[in-house]
Amino acid sequence: QVQLVESGGGLVQPGGSLRLSCAASGNNLQTYTWFWYRQAPGKQREFVAYITSGGITNYQDSVKARFTISRDNAKNTMSLQMNSLEPEDTGVYYCSVDAQWGPGTQVTVSS
């Protein structure tokens, strides 16, 4: 079973930056596509970004110009660099690998 733990969430003002990390353990981790999702209060879970085993990335349109996803295969970690944060980015951020989910980390963007 893949096990995942997110970190790096917190409170940040609009326009600020935050870097989230996801640490994984398990088998065949480098063969999977790694995903970031988020869920805002009162909304359904939504896709944020993914990165494939070959380093191909894809982003939700609303974060395309502001977020950067990356992975370190040697360390079994993934990161999400978030710049120019907006209140609409508020939510619980989850990483997902092989249909497994971490417990999430809270991101709050507010003045």
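1. Met82 and its surroundings. Leaving aside neighbours within four places in sequence, Met82 is in contact (heavy atoms within 4.5 Å) with Gly16, Ser17, Leu18, Leu20, Arg66, Phe67, Tyr93 and Val107. Leu18 stands opposite Met82 in β8. Strands here, like helices, are DSSP runs numbered from the N terminus (strands: E, at least two residues; helices: H or I, at least four).

2. Basis of the note. The model is predicted, so that local features need pLDDT of at least 70 and side-chain atom pairs count only at pLDDT 80 or more, while totals for chains, interfaces and linings use all residues. Residues are numbered from 1 along each chain as its sequence is written, and side-chain values use heavy atoms, with hydrogens and water left out.

3. The nonpolar core. A nonpolar core is taken as a set of buried Ala, Val, Leu, Ile, Met, Phe, Trp, Tyr and Cys residues joined through side-chain atoms within 4.5 Å. Buried means under 20% relative accessible area, exposed over 50%, and partly exposed in between (1.4 Å probe, protein chains only). The largest such core holds 26 residues, and Trp36, Phe67, Leu80, Met82 and Tyr93 touch the most other members. Two or more residues each come from β3 (18–25), β4 (34–39), β5 (46–51), β7 (67–72), β8 (77–82), β9 (91–97) and β11 (105–109). The most is given by β3, with four residues. In soluble globular proteins, nonpolar side chains tend to be buried together.

4. The disulfide. A search of the whole structure returns one disulfide (cysteine sulfur atoms within 2.5 Å). The bond joins Cys22 to Cys95, with S to S at 2.1 Å. Because Cys22 lies in strand β3 and Cys95 in strand β9, the pair ties together parts that are 73 residues apart in sequence. The torsion about the S-S bond is about 65°, so the disulfide is right-handed. Both ends are buried: Cys22 has 1% relative accessibility, and Cys95 has a relative accessible area of 0%.

5. The four-stranded sheet. Strands β1, β3, β8 and β7 form an open sheet in the order β1-β3-β8-β7, with antiparallel pairing; two strands pair if DSSP finds at least two bridges between them. The edge strands are β1 (3–7) and β7, each of which pairs on one side only. Neighbouring strands of this sheet are turned by 15° against each other on average, direction ignored; the axes are lines fitted to C-alpha atoms (for helices, over the stretch in contact), and angles run from 0 to 180 degrees between N-to-C directions.

6. Strand pairs within that sheet. The antiparallel pairing of β1 and β3 runs over five bridges, and Leu4 stands opposite Ala24 in β3. Six bridges join β3 to β8, also running antiparallel. Six bridges likewise link β7 and β8 in the antiparallel sense, and the bridge partner of Ser70 in β8 is Ser79. A hairpin is formed by β7 and β8, with four residues between them; Asn76 in the turn has a positive phi of about 55°.

7. In β7, the covered face carries Phe67, Ile69 and Arg71, and the uncovered one Thr68, Ser70 and Asp72.

8. Gln60. This residue sits in the loop between β6 (57–59) and β7, and at 17% relative accessibility Gln60 counts as buried. Its side chain reaches the backbone oxygen of Phe47 at 2.7 Å, a polar contact (N or O atoms within 3.5 Å; within protein, one atom must be able to donate a hydrogen and the other to accept it, and residues adjacent in sequence count only if both atoms are side-chain atoms). Not counting residues up to four places away in sequence, Gln60 touches Arg38, Glu46, Phe47 and Val48.

9. Two threonines in loops. Thr52, in the loop between β5 and β6, is buried at 17% relative accessibility. Thr31, in the loop between β3 and β4, is exposed, with a relative accessible area of 54%. The side chain of Thr31 reaches the backbone oxygen of Asn28 at 2.8 Å.
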